[in-house]
Amino acid sequence: MHDIVIIGSGPAAWTAAIYAARAALHPVLVASSVEVGGELMNTTEVENYPGFPEGITGPELMAKLQAQAERFGTEVVYEDVVAVDLDGPVKRVSLADGTEYDTATLVYATGSAYRKLGLPEEQALSGRGISWCATCDGFFFRGKTIAVVGGGDSAMEEATFLTRFAEKVYVIHRRETLRASKIMQQRAFDNEKIDFLWNADVAGIHGTTAVTGVTLRDTVTGAERDLELDGVFVAIGHDPRTHLVHGQLELTVDGTIAVKGRSSGTSIEGVFAAGDVVDPHYRQAVTAAGSGAAAALDAESYLAAREPAAPEPAVAVAAATTRSTP
Ligand SMILES: Cc1cc2nc3c(=O)[nH]c(=O)nc-3n(C[C@H](O)[C@H](O)[C@H](O)COP(=O)(O)OP(=O)(O)OC[C@H]3O[C@@H](n4cnc5c(N)ncnc54)[C@H](O)[C@@H]3O)c2cc1C
């Protein structure tokens, strides 16, 4: 039986592995079969991860985290987890190739999938003008003309935030009313740099090495027109990857895994969760890494508390016996 199995290969999982490996828990990390490295594999420059003053590319950062985890003995398995059985003190993790791991603790760090527009150009231009994270990438659009796609609170927040950098921000929304709360809407309406394009869908993205514009389709008339842009921020939501634990772990109203207070402890003892799968708000590499560290430390404490108490040293017993003798 294993002390700890970690599912995921983003900043949360690798950091949990670094801590668990250095605590001699011999972690097994199931990294997935095709998407090793998590969301940061989709980006070029990461400029806000501490310790890299010149910035670092997403794939390079993930390679460094993996190397650090492996240096201390993490066993990396390039497979997908297809089922977990969290009932009882021994958790079972089943992989697509039929392998099964029994483990005393499990760290669940499967991240959250950003919803995509579903256009063929989207993946190729990811990190080259297409972004899902204003906090991460807004800085690269100083003085530029950009668009935010979406009509909820996140879209309004991102659009308003992006006006700190961009010259002009269009909000592209497929309806003529927003889902966002009134206060977020008003803030965006009051911002002179923001213009709303109602009843509009993005039907195509232009550019080969960088975004140069989009084709907009009117959702009422079907008419199409082009709009020149330097960047597109997609803010149409995200889906925490929780399907394996539905019916087993408690979830929050946001669909993330519920954890106790600031810890990584879930509704089942011995199961810890970290990173974007527990985080409806911050969703940053560094916050994911921090919660991965917490998960490994929580797992370590849980294992230590389960260990049978060590017998009293013989000398101490003898001394105590001598003292209590009349
Ligand atoms: C384009 C883009 C740019 C970004 N730029 C920045 C930035 O500059 N700075 C910043 O701080 N943040 C940035 N972010 C956000 C950052 O990427 C995330 O906050 C962070 O990656 C979350 O880490 P995580 O470990 O929770 O999950 P993820 O990085 O999402 O990793 C989860 C991993 O779990 C794996 N997994 C899921 N299910 C299974 C399964 N069943 N079996 C095995 N493996 C599984 C997935 O394949 C994935 O590899 C960006 C995000 C995007 C999309």
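Which residue has a backbone N or O atom that lies 2.8 Å from an oxygen atom of the ligand? In this predicted model, where local features need pLDDT of at least 70, side-chain atom pairs count only at pLDDT 80 or more and totals for chains, interfaces and linings use all residues, that residue is Ala 285. Residues are numbered from 1 along each chain as its sequence is written, and side-chain values use heavy atoms, with hydrogens and water left out.

Two further polar contacts (pairs of N or O atoms within 3.5 Å) involve oxygen of the ligand: a polar backbone atom of Ala 12 is 3.0 Å away from one such atom, and a polar side-chain atom of Gln 284 lies 3.1 Å from an oxygen atom of the ligand. Of the 1,000 Å² of accessible area that the ligand has on its own, the protein covers 97% (Shrake-Rupley method, 1.4 Å probe).

Val 220 is found in the loop between β15 (213–218) and β16 (224–228). Its relative accessible area is 62%, so Val 220 is exposed (over 50%, with a 1.4 Å probe and protein chains only). Val 220 and Arg 174 are 46 residues apart in sequence, and their C-alpha atoms are 9.2 Å apart in space.

Terms used. Polar contact = N/O pair within 3.5 Å; in protein donor to acceptor, adjacent residues only side chain to side chain. Helix = DSSP H or I, 4+ residues; strand = E, 2+ residues; numbered from the N terminus. Buried < 20%, exposed > 50% of the residue type's maximum accessible area, 1.4 Å probe, protein only.
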